[in-house]
Amino acid sequence: MALSAFDLYSVGIGPSSSHTVGPMRAARTFVEGLQESGRLADVRRVRAQLFGSLGATGHGHGSDKAVVLGLEGERPETVDTDRADDRVAEARTRHTLSLLGIHQIEWSPDDDLTMHRRKSLPAHPNGMQFDAYDAAGDLVASHVYYSVGGGFVVDEAATGADRVVLDDTPLEFPFSTGAQLLEICEREHLSVSDVMLRNELAWRTEAEVREGMLALWQVMAQCVRNGIAHEGTLPGGLRVPRRAPGLHQELTRGRLRDDPLKVMDWVNLYALAVNEENASGGRVVTAPTNGAAGIIPAVLHYYVNFVADADDDGIVRFLLAAAAVGILFKENASISGAEVGCQGEVGSACAMAAGGLAEVTGGTPSQVENAAEIGIEHNLGLTCDPVGGLVQIPCIERNAIASVKAINAARLSLGGTGVHTVSLDKAIKTMRDTGRDMSVKYKETARGGLAVNVIEC
């Protein structure tokens with residue numbers, strides 16, 4: 001199995017990588033399969049069923065919208081986010097879909113899209129089934145997919161769904177544990193980002209890796225700018241106000257300008273801006289998920305704006321080192337809130353950002369590993385209990401808190417030698433075990449925690 005940094009970072013649409021990006025990709029994959037098999041023209045009806053966490057919180061996460069857009073051939077990377085809601089509304093009004101944009105069928109949202117709130121498929125909490133029928137009502141094709149976090153989608157043939165990536169590309173320095181990564185760094189006299197870069201050369205040239213990383217950074221930076229520019233309230237019924245525009249005004253013109261802790265406020269601003277854009281269905285980079293999409297951009301903005309001698313090379317090294325940490329979580333635990341709670345999303349992103357920042361501020365490989373360990377250790381047990389099934393409360397503020405925590409984790413590691421009692425591998429195993437023990441009501445089902453107590457109040 002081989003994972004690229006570009007597997008962990010992808011441009012997509014909010015509000016959720018597992019509940020929006022994944023279903024859109026799965027729906028498109030299904031109809032592409034119909035086209036490749038020569039059966040698309042025979043199809044008169046498509047039925048989609050969402051199970052488990054997708055069914056429980058799918059409406060709040062835009063899963064139903066994502067399925068419609070995916071069936072019509074849209075990709076998360078390129079879909080027009082400004083037109084997405086209108087496109088779905090038009091399909092509902094017309095009662096038709098245009099599969100891949102070329103084959104029109106009748107479509108009844110009430111009959112053809114079912115959200116099973118308390119029924120799950122066996123391999124993963126985020127299960128989907130698509131069925132296509134011909135004019136006689138006979139089944140043309142049926143397929144099950146699982147959205148396993150971070151926009152990754154696997155089919156029903158996968159085993160250990162959250163850890164399966166069907167890529168056997170040989171890497172120069174394969175690693176699956178933090179201990180292996182540190183051994184490679186020591187043996188080869190390489191930094192963590194060096195190891196990742198050498199592995200990335202299995203797929204791309206060094207120039208292409210650099211260009212791709214900087215392109216991702218530009219999307220992150222634009223997302224922050226969009227979040228600062230867009231005022232009003234977030235969609236979904238909770239009437240959550242956007243705070244990034246007001247905080248930006250206070251930082252640039254108001255009472256916070258001379259505050260000695262204003263750097264912390266800037267970091268909060270960056271994270272809030274990204275996650276408010278995500279909550280509104282805007283364009284974000286999954287890093288490694290949409291629910292945690294604000295943390296790496298916030299810490300990267302901190303590096304660019306507040307660390308001396310920051311440059312494009314540092315941005316690339318940051319993202320590569322953070323990806324190395326993310327791979328360890330993906331391969332050994334989970335980045336899916338539906339599987340292990342928010343510790344798998346915000347916790348993983350906090351560890352990634354901490355490791356990336358330590359890398360570009362003079363940290364040794366051991367200090368990078370230590371920073372990542374601190375980042376996840378102090379997010380262990382974090383539940384996923386979105387109020388109203390929306391990626392807003394507590395998700396948006398949680399990204400801001402974790403961004404500051406990631407910076408502190410990097411600073412703590414740089415103040416030490418890199419030698420510490422709890423290894424990153426042990427912390428990741430603990431996160432996995434904690435996720436297995438966690439009640440399902442705290443795993444993105446909106447059936448526990450704040451999701452029920454806030455509504456009851």
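**Helix α12 and selected residues**

Analyst: In this predicted model, the buried residues of α12 pack against α9 (206-229), α11 (262-279), α13 (312-332), α15 (346-360) and α17 (395-414).

User: What makes α12 mostly covered?

Analyst: Nine of the 12 residues of α12 are buried. They are I295, I296, P297, A298, V299, L300, H301, Y302 and Y303.

User: Why is E377 called partly exposed?

Analyst: The relative accessibility of E377 is 31%. Partly exposed lies between buried, under 20%, and exposed, over 50%, so E377 at 31% counts as partly exposed. E377 belongs to helix α16 (residues 365-377), and its C-alpha atom is 6.0 Å from that of A427, 50 residues apart along the chain.

User: Why is C185 called buried?

Analyst: C185 has a relative accessible area of 4%. Buried means under 20%, therefore C185 is buried.

User: How many disulfides does the structure hold, and how do you know that C384 is in no disulfide?

Analyst: The structure holds zero disulfides. For C384, the nearest cysteine sulfur is that of C342, 5.5 Å away. A disulfide needs two cysteine sulfur atoms within 2.5 Å, so C384 is in no disulfide. C384 is also buried, at 9% relative accessibility.

Methods:
Residues numbered from 1 in each chain as written. Predicted model: local features only at pLDDT ≥ 70, side-chain atom pairs only at ≥ 80, totals over all residues. Heavy atoms only, no water. Helix = DSSP H or I, 4+ residues; strand = E, 2+ residues; numbered from the N terminus. Buried < 20%, exposed > 50% of the residue type's maximum accessible area, 1.4 Å probe, protein only. Contact = heavy atoms within 4.5 Å.
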